[in-house]
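Dear colleague,

Please find below the structure that I am handing over to you. My notes on what was found in it follow directly after.

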Amino acid sequence: MPEVIIDRDRCKGCGLCVDACPKDVLGMSTDINAKGYFYSEAQRPDDCIGCKTCAITCPDVAIVVKNKRKGEDEERVVFQRPESLTENITHYCPGCTHGIIHRLVAEVLDELGLRERTVGVAPVGCAVLAYNYFNCDFLEAAHGRAPAFATGLKRVRPDLIVFTYQGDGDLASIGGNEILHAANRGEKFTTIFVNNAIYGMTGGQMAPTTLPNQVTTTSPMGRNVEEVGYPLRVAELLSTLRTPGYVARQSVHTPKNIIRTKQAIKKAFTYQMEGRCFSLVEVLSTCPTNWGKTTREACTWLEENMIPYYPLGEFKNPDSDADTASDTQTA
């Protein structure tokens with residue numbers, strides 16, 4: 001019989017697992033935990049089918065799923081925190097999907113056996129403390145300079161697996177030239193690029209990826225493209241380079257999309273492991289706090305507004321690129 005175990009003190013009450021459960025097993029508590037959050041709990045445990053959807057969507061790695069198959073004497077753990085993540089509780093806001101992306105990267109490192117030779121580079125932004133959460137070596141870069149750090153690491157120690165983890169303000173604004181030229185040189189590291197269309201850490205200002213007419217603290221009337229230009233499509237931009245590389249864009253707002261994002265991240269690290277090319281996976285992420293939305297509303301807003309402008313898929317693949325850039329996708 002499947003069993004869902006929720007660490008009540010890790011849970012931030014975002015409700016993503018409750019919304020995702022296909023059998024309505026989970027609900028929100030009427031009590032609060034040590035952090036002051038209402039937490040999710042299994043209210044109809046006998047209806048659980050062990051699909052792991054709740055754990056897949058949890059941004060706080062607060063859920064363990066166990067199951068016991070027919071004829072087995074003991075329960076097996078079928079979903080738990082990956083070894084490449086520490087036990088530290090993240091500082092992210094409730095419902096922020098940075099935690100999901102962290103977990104996907106960690107799962108890939110575990111599955112490919114890369115943890116002991118991996119070095120990550122943290123940015124300036126919401127993920128500035130990422131070194132507290134990944135169970136591998138980490139460096140902290142100045143704002144936008146993570147690709148420079150990664151270039152030096154990879155060139156001096158090509159045996160290492162090197163990745164940068166960067167937000168849209170860090171990568172697409174001050175770090176725009178850094179990532180463009182690293183990709184153009186074909187530096188053989190991996191970039192995880194988190195696009196939530198806003199500056200999250202510093203108060204919800206307009207970012208290079210903020211959508212047309214999107215309201216932010218510095219564009220209270222909405223982004224005016226006649227004054228500040230259109231949002232940058234980083235994946236499309238990098239896919240025009242002749243240098244071979246792997247460039248993809250995925251999202252983490254639904255369980256199905258989370259699975260696809262993991263597949264893209266795994267492919268990106270595999271290309272680096274094989275010494276083949278630069279790789280970047282752009283991940284559309286939510287920011288309920290600065291968007292002023294509930295977690296459910298934020299996921300819907302991403303689906304209805306971000307994906308039409310930032311379509312999902314692979315934009316560049318070394319297995320099909322030859323000497324010319326692949327065709328780009330447009331909204």
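Leaving aside its neighbours within four places in sequence, which residues is lysine 262 in contact with? The model is a predicted one, and in it lysine 262 is in contact with Leu104, Glu107, Val108 and Glu111, once those neighbours are set aside. Lysine 262 itself belongs to helix α9, which covers residues 255-273. With one of these partners, glutamate 107, there is a polar contact between the two side chains, at 3.1 Å.

Regarding confidence, the pLDDT averages 94 over the protein, and 97% of the residues score at least 70. Please treat residues 322-331 with caution: pLDDT stays under 50 there. For that stretch the model has 25 contacts beyond four places in sequence.

Seven strands form an open sheet with mixed pairing, in the order β7-β6-β8-β9-β11-β10-β12. From one strand to the next, the twist averages 20°.

Helix α3 (residues 98-112) packs on it, touching β6 (118-122), β8 (161-167), β9 (190-195) and β11 (278-284). The direction of α3 makes about 170° with that of β8. Helix α6, made of residues 176-185, lies across β8, β9 and β11, and it runs at about 140° to β11.

A disulfide is a covalent bond between the sulfur atoms of two cysteines. How many disulfides does the structure hold? The number is zero. Two cysteines illustrate this. The closest cysteine sulfur to that of cysteine 17 is in cysteine 11, and because the separation is 6.1 Å, the two are too far apart for a bond. Cysteine 17 counts as buried, with a relative accessibility of 7%. For cysteine 126, the closest cysteine sulfur is in cysteine 287, also at 6.1 Å, and therefore too far for a bond. Cysteine 126 is partly exposed, its relative accessible area being 24%.

With kind regards

Definitions and conventions. Residues numbered from 1 in each chain as written. Predicted model: local features only at pLDDT ≥ 70, side-chain atom pairs only at ≥ 80, totals over all residues. Heavy atoms only, no water. Pairing = 2+ DSSP bridges. Helix = DSSP H or I, 4+ residues; strand = E, 2+ residues; numbered from the N terminus. Axes fitted to C-alpha atoms, helices over the stretch in contact; angles between N-to-C directions. Contact = heavy atoms within 4.5 Å. Disulfide = S-S within 2.5 Å. Buried < 20%, exposed > 50% of the residue type's maximum accessible area, 1.4 Å probe, protein only. Polar contact = N/O pair within 3.5 Å; in protein donor to acceptor, adjacent residues only side chain to side chain. pLDDT = per-residue confidence, 0-100.
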